[in-house]
Amino acid sequence: MQATRSNLGEEELHEDIASYNAEESDLSQYFVKEGEFGPYASLLYDKTFKKAFSPDTRRGKRNLLNLLNDMLEGQIPQKIKDVASQQPELNDSGSKASKSSILDLHCRDERDNFIEIEVQIQRETNFLKRLVFYSSQMIVQQGEPGPDWDYDVKPVYVISFARFRVFDDNRPLHRAGILDYETAKQLVDCANFTIVELPKVARMIRKSDSEVAKWLFIFRYLDRLKELPPALKTEKFEGLLPFAELARFNKKELKRYRYIMHLKWDRYAQELAFAEDHPDFVKKIEEKVVNAIKQNMQKKNLSPDVIRECLDYSVSKG
């Protein structure tokens with residue numbers, strides 16, 4: 001997959017974001033302290049997401065349409081006006097519920113285009129190839145038996161929220177499709193991918209930022225917020241809050257949510273503690289990785305200066 005340009009023109013889909021000043025960067029007053037619960041559950045928690053974006057309720061459908069139209073802007077020729085869940089028995093996309101996926105939402109829009117949204121909570125082997133597999137299965141599903149089928153398949157859109165890094169860069173959003181290598185123009189519209197890497201989303205947002213940037217921020221940080229920062233105090237994002245209010249959870253739901261959140265914090269604390277307790281081991285692993293990269297570069301006949309510059313950059317970026 002390659003990063004794609006808009007099928008509506010030559011404008012690139014990634015954005016140039018102006019630097020934040022000190023006042024814009026400091027949103028600490030809106031965040032709870034580490035280890036504390038705020039008033040809201042994470043939108044990536046299965047119960048929260050499925051209720052907030054259910055296509056089977058009036059408010060949920062509106063939230064889902066807002067999300068899809070913002071996330072797919074530039075990939076779709078015009079706004080999606082309606083969306084409906086696929087019947088489970090009709091879903092042959094190959095995306096089955098698993099321990100690694102907390103969300104697997106399959107939809108069709110009013111033009112019968114397929115849209116799949118998935119949230120991954122742990123790194124998957126061949127992650128990108130899995131997305132290609134999903135899209136391929138949804139394309140094949142459109143096939144009609146018989147000699148008269150003209151292969152005029154509807155576009156398929158796969159949106160994946162990953163709670164881990166996928167690409168070796170600092171961009172939290174990647175969009176891809178099937179392109180011509182020379183011109184970077186879209187060849188066909190049948191397979192489209194939007195990949196969000198939540199660990200790369202910064203703790204800052206302002207009113208002038210794009211709607212996509214605001215969605216990424218609220219997905220990454222809602223459960224850490226005391227209240228929405230000014231940039232998100234709009235009907236679109238305030239409409240999500242009733243579904244995420246912990247005060248509306250019953251005792252069983254609240255117990256389960258806190259258990260899952262504590263597991264996440266415990267794993268993070270264990271990773272930090274291990275690194276602090278075994279610095280020599282961590283350093284040895286880092287050295288092995290750097291040496292492996294260095295050897296690979298040498299095999300490609302890169303100059304010592306280039307190798308040194310690349311390794312210095314990699315170490316500085318952590």
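Residues are termed buried when their relative accessible area is under 20%, exposed when it is over 50%, and partly exposed in between (1.4 Å probe, protein chains only). Helices (H or I, at least four residues) and strands (E, at least two) are DSSP runs, numbered from the N terminus. The model is predicted: local features need pLDDT of at least 70, side-chain atom pairs count only at pLDDT 80 or more, and totals for chains, interfaces and linings use all residues. Residues are numbered from 1 along each chain as its sequence is written, and side-chain values use heavy atoms, with hydrogens and water left out.

The chain holds 10 helices and 7 strands. Of its 318 residues, 41% count as buried.

Helix α5 (residues 211–221) is mostly covered, with 9 of its 11 residues buried. Among them are Trp215, Leu216, Phe217, Ile218 and Phe219. The buried residues of α5 pack (contact: heavy atoms within 4.5 Å) against α2 (46–52), α3 (58–71), β5 (156–162), β6 (173–179), β7 (186–197) and α6 (235–238).

A nonpolar core is a set of buried Ala, Val, Leu, Ile, Met, Phe, Trp, Tyr and Cys residues joined through side-chain atoms within 4.5 Å. The largest such core has 49 residues; Phe53, Met71, Ile117, Trp215, Ile218, Phe219 and Leu222 touch the most other members. Elements giving two or more residues to this core include α2, α3, β5 and α5. Helix α5 supplies the largest share, 8 residues. Not counting residues up to four places away in sequence, Phe53 touches Leu43, Gly60, Asn63, Leu64, Leu67, Leu105, Trp215, Phe219 and Leu240. Another core, of 16 residues, lies apart from the largest one and includes Val153, Cys190, Ala191 and Phe193.
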